[in-house]
Amino acid sequence: MTGQRSTVTREATSRVCLSEQAWGYLLAGPAFLLVGLLAVLPIAAALWLSLHRRLPIFGVEEFVGAWNYVQLWSDDRFWAACRTTLYFTALSVTAELLLGLWIALLLDGLTSIRGGSPRWAQVMIILPWAVPTVVSAQIWAWLYQPDYGLLNYLLRQAGLATAPIDWLADPDWAIHAAVMMDVWKTTPFAALLLLAGLKTVPGDLYAAARVDGAGAWKRFRLITLPLLMPIVVIVLVFRTMDAVRVFDAVYVLTGGGPGNTTETLSIYAYKTLFQTLQFGYGSALATAMFLIVAALSSLYLLLLRRHLRDVA
Amino acid sequence: MAEVRLERISKWFGATNVLPDVSLTIGDGELFAIVGPSGCGKSTLLHLLAGLDRPTSGRILFDGVDVTGLEPRDRDVALVFQNYALYPHMTVRDNLAFPLRVASRKNSLGRPQIEDEVRRVAGFLGLESLLDRRPGELSGGQRQRVALGRALIRKPRVFLMDEPLSNLDAQLRASMRAELRRLHEELKITTIYVTHDQTEAMTLADRLAVLNQGRVQQVDQPHDIYERPANLFVAGFMGYPPMNLLEARVEGEMLRAGPIRLAKSRVAPMFSLHQAVMLGIRPEAIVVEPAEKIGEEGSVAGVIRLIEPSGTGAWITVDFRGQDGPTTVIGTAVPGFVPKIRDSVAVVVQQATLHLFDPATGQRFGSA
Amino acid sequence: MMPGAGGNGSRGGIRRFGVRGLAFCVLISAGLFCLGPVLWQAVTSVKSDQDLVRLPPILPEQATASHYERVLLQSPLARSLVNSAVVAASATTVSIVVGSFCAFALARLPIAGKPVILGLVLSTSMFPPIAVISPLYLLMRGLGLRDTLVAVGLTHAVYALPLAVWLLTSFFRQLPREVYYAARVDGCTPLRALLSVLLPLARPGLAVAALLVFIYSWNEFMFALTLTASDSIRTAPVAVALFPGLYEIPWGDIAAASLVITLPVAGLAALFQRHIVAGLTAGSVKG
């Protein structure tokens with residue numbers, strides 16, 4: 001290789017030359033555009049709709065400002081839906097978190113004993129997550145069937161119930177039936193996330209604690225739990241957002257009944273929009289829901305932001 | 001090949017001023033090293049030269065043409081990274097060919113020509129047998145050569161290297177140094193070489209710049225940097241073992257640094273009585289002799305703290321207990337003398353260059 | 001089962017077996033809890049109509065394929081499976097392409113307002129679908145896309161974007177910076193660098209993101225329900241939900257149908273379970 005000089009001169013200006021920054025905008029643009037058109041715009045439109053009274057059937061379309069929201073405030077059904085939703089959320093999220101943590105600890109413990117949680121265990125656990133929500137609802141609807149459902153059968157066999165419980169038609173039981181189904185479906189997600197969090201805790205910390213004389217419970221409380229908090233917060237935020245917005249499974253399972261006892265906010269909004277076709281009021285309901293989700297998420301993040309320091 | 005000029009380059013990252021003010025001129029075909037401790041801004045400087053980032057202010061000129069606003073591919077530079085940055089999913093052949101394939105339509109070569117170039121570069125660097133392997137299957141030295149090949153295949157105007165040898169083991173590093181020197185002799189491409197290893201810089205470079213905290217401390221040929229360091233930082237940073245730097249004062253006809261006394265006549269009478277200075281003495285100029293020599297003219301008694309064997313001799317760290325407190329110097333043993341730790345020894349300062357620095361500014365006073 | 005237990009023989013031999021055995025039992029029951037309902041559905045799907053209404057026995061004396069026959073050959077379910085496949089595949093493609101471009105820009109390019117863009121994209125995942133559904137419906141109708149697969153596919157692509165962008169951004173950030181720099185110095189535009197160098201290296205992350213988007217789209221219900229109307233356009237979850245007959249509920253058929261539509265995603269999840277978990281958790285654990 002001889003020392004040839006590079007005699008080719010680059011004519012930089014005669015070529016279309018975008019700066020890195022320009023490229024950045026170009027490449028991020030489509031995502032921004034799509035999201036803007038099909039997500040942000042509709043939300044803004046929904047907000048706008050909520051300020052109107054719009055009943056296509058009657059050809060009504062008038063601007064009423066905050067009137068829908070005033071109506072909302074005095075709407076008992078709205079408050080009932082709020083209560084139902086929050087009750088559902090509280091029960092579900094708590095159960096999922098506790099159960100998920102328990103399963104995660106189990107799998108993690110097995111890892112240290114056996115050197116790896118068995119693949120079949122992980123596959124089994126991910127199954128409910130993969131099942132479509134409507135299928136989940138149908139599976140549980142069948143399980144809850146009062147006459148031929150497996151649940152009542154097992155309860156009878158175990159001697160825990162004498163008469164068949166009509167899970168989905170009994171106003172006291174329906175919401176709990178829905179909670180159980182949701183817990184079944186989403187605990188795996190919580191468990192897997194928490195398991196990943198558990199795996200990031202260095203084993204050395206436990207060894208050091210044991211040498212210092214800490215028992216299993218102390219180790220859990222003082223090492224595992226604090227280090228797991230960022231994940232717990234993430235699980236809490238995501239699951240709460242999902243639980244407040246729940247629609248698919250409950251709608252298919254109970255349709256909101258019996259007697260609106262399982263009517264969550266989204267089901268109420270859906271019925272208002274697509275059954276009674278009140279687009280204005282329905283949008284107000286939906287917007288209220290959005291605000292509740294946003295408020296809850298912000299509340300979590302505010303109260304628990306100290307745990308997220310390392311994550312961000 | 002090009003002359004590279006940096007004019008008043010400054011770079012801010014947010015609120016941090018990484019490079020306050022750098023001006024350098026690198027001659028056409030020179031092998032120029034930029035040397036400094038970690039965090040001094042040398043890698044940033046290299047990224048600015050490559051066009052991967054823009055300076056906050058200042059200009060970069062290649063052969064008098066302002067390239068400050070140009071993208072990397074329009075500057076005709078090549079950069080060899082510390083970690084080689086080879087494309088892991090491509091074979092060596094594809095790694096080498098990549099720059100040619102990416103070339104703009106005006107400059108692009110046909111497939112057979114690219115093959116020729118790849119074979120030529122592979123031959124030049126001894127990579128022929130590795131062309132179908134992937135980077136993951138290569139040793140560190142081999143990867144380094146592929147990185148060099150990828151850089152050279154475009155026949156760049158300026159060749160930039162970011163600590164290319166720091167990931168190699170000591171033996172490989174020495175042979176690669178020779179290899180790089182040979183490459184430079186043959187190709188004569190303007191090369192700017194960044195490293196924190198001052199030995200490497202001294203052995204390879206035609207000229208070098210010492211950088212500290214984003215400021216150029218001295219630009220000179222290696223020999224001059226070693227013999228006439230411009231300030232305390234350069235004096236202490238360049239050379240191994242580091243220069244002995246001692247606080248000294250004039251007392252009568254003597255210059256006293258701890259227990260060491262030197263005739264004032266040995267140093268230029270440029271400062272007033274009782275003025276404090278920093279005295280710099282290279283370890284080669286300090287001789288450690290057996291204890292019997294204690295008391296002889298010019299010798300000082302001390303105790304050995306550490307012995308560092310090196311090649312034919314050893315570097316010896318000696319502690320003194322003086323009136324102003326303990327002092328430590330590093331020197332070399334007299335030929336034939338094999339001391340042990342905690343031996344008492346006599347230390348003599350040879351007739352050699354003494355360096356004097358102003359303790360307030362760190363600047364050199366002028367040599368003795 | 002206690003955290004940090006086990007390991008280097010810190011417990012006695014027999015006690016270790018006891019703890020291990022207990023943990024195993026509990027794990028098996030947890031597994032059964034997860035698997036059980038699906039298994040029961042499978043059993044149900046092969047019971048004849050008469051057996052369905054008799055309990056005991058739990059297992060049928062004779063399995064029948066009549067439900068599957070009815071479901072696959074005589075109902076619109078088969079068609080809806082095809083629809084779901086088409087929608088999920090196209091939504092995944094669009095989401096991954098658009099998402100990876102955006103993620104690359106967010107991870108490596110110097111654009112202003114990164115937090116704003118990221119925040120905007122991620123916050124859309126907070127929107128309750130119910131809130132956007134009516135304007136979206138009106139928009140699709142206005143575009144003439146009412147009751148088309150395009151409407152559903154496009155909507156899925158957009159609402160899966162936050163997930164894709166979030167996953168892929170953290171993935172791109174983990175790729176070594178220098179490889180991108182090397183490509184730039186070699187003469188690539190950022191786009192060329194992305195296509196020739198970074199995307200091949202990001203294959204694992206892309207695969208996980210694609211998997212998750214596919215599963216999301218396949219299982220999605222509300223948008224699919226409201227944006228489609230005719231049987232021939234319906235996707236699988238909607239077809240299954242609207243299954244219940246007029247007079248009585250055909251539990252056997254429903255069981256068969258629900259298993260048929262679950263099988264693809266369950267299979268995917270089982271096969272790629274490790275990657276799915278890694279993908280989901282990488283983003284959240286490292287933040």
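Two residues are in contact if their C-beta atoms, placed from the backbone, lie within 7 Å. This is a predicted model, in which local features need pLDDT of at least 70 and side-chain atom pairs count only at pLDDT 80 or more, while totals for chains, interfaces and linings use all residues. Residues are numbered from 1 along each chain as its sequence is written, and chains are lettered from A and ligands numbered from 1 in the order in which they are written.

**Exercise 1.** Describe the contact between domain 1 and domain 2 of chain A.

Step 1. Chain A is divided into domain 1 (20-68) and domain 2 (77-308); such bounds come from an automatic or database domain assignment.

Step 2. The C-alpha centres of these two domains of chain A are 31 Å apart.

Step 3. On the domain 1 side of chain A, 11 residues are in contact with nine residues of domain 2.

Step 4. In chain A, α1 (20-49) and β1 (52-55) each supply at least two residues of the domain 1 side, and β1(A) gives the most, with four residues. Helices (H or I, at least four residues) and strands (E, at least two) are DSSP runs, numbered from the N terminus.

Step 5. By class, this side of domain 1 of chain A has six nonpolar, three polar and two charged residues. Ala, Val, Leu, Ile, Met, Phe, Trp, Tyr, Cys and Pro count as nonpolar, Asp, Glu, Lys and Arg as charged, and the others, Gly among them, as polar.

**Exercise 2.** Carry out the corresponding analysis for domain 1 and domain 2 of chain B.

Step 1. Domain 1 of chain B covers 4-237 and domain 2 covers 245-357.

Step 2. Their centres, taken over C-alpha atoms, are separated by 40 Å.

Step 3. Six residues of domain 1 of chain B are in contact with six of domain 2. Helix α9 (residues 232-237) of chain B gives the most to the domain 1 side, with three residues.

Step 4. That side of domain 1 of chain B comprises three nonpolar, two polar and one charged residues.

**Exercise 3.** Which element of chain B has the lowest confidence, and which the highest?

Step 1. The mean pLDDT (the predictor's confidence in each residue, from 0 to 100) of chain B is 87, and 95% of its residues reach 70 or more.

Step 2. Confidence in chain B is lowest in strand β13 (residues 260-263), at a mean of 79, and highest in strand β3 (residues 31-35), at 95.

**Exercise 4.** Characterise the side of chain C that touches chain A.

Step 1. In chain C, 81 residues are in contact with 86 residues of chain A.

Step 2. Helix α1 (residues 13-45) of chain C gives the most to this side, with 13 residues.

Step 3. The class counts for this side of chain C are 62 nonpolar, 18 polar and one charged.
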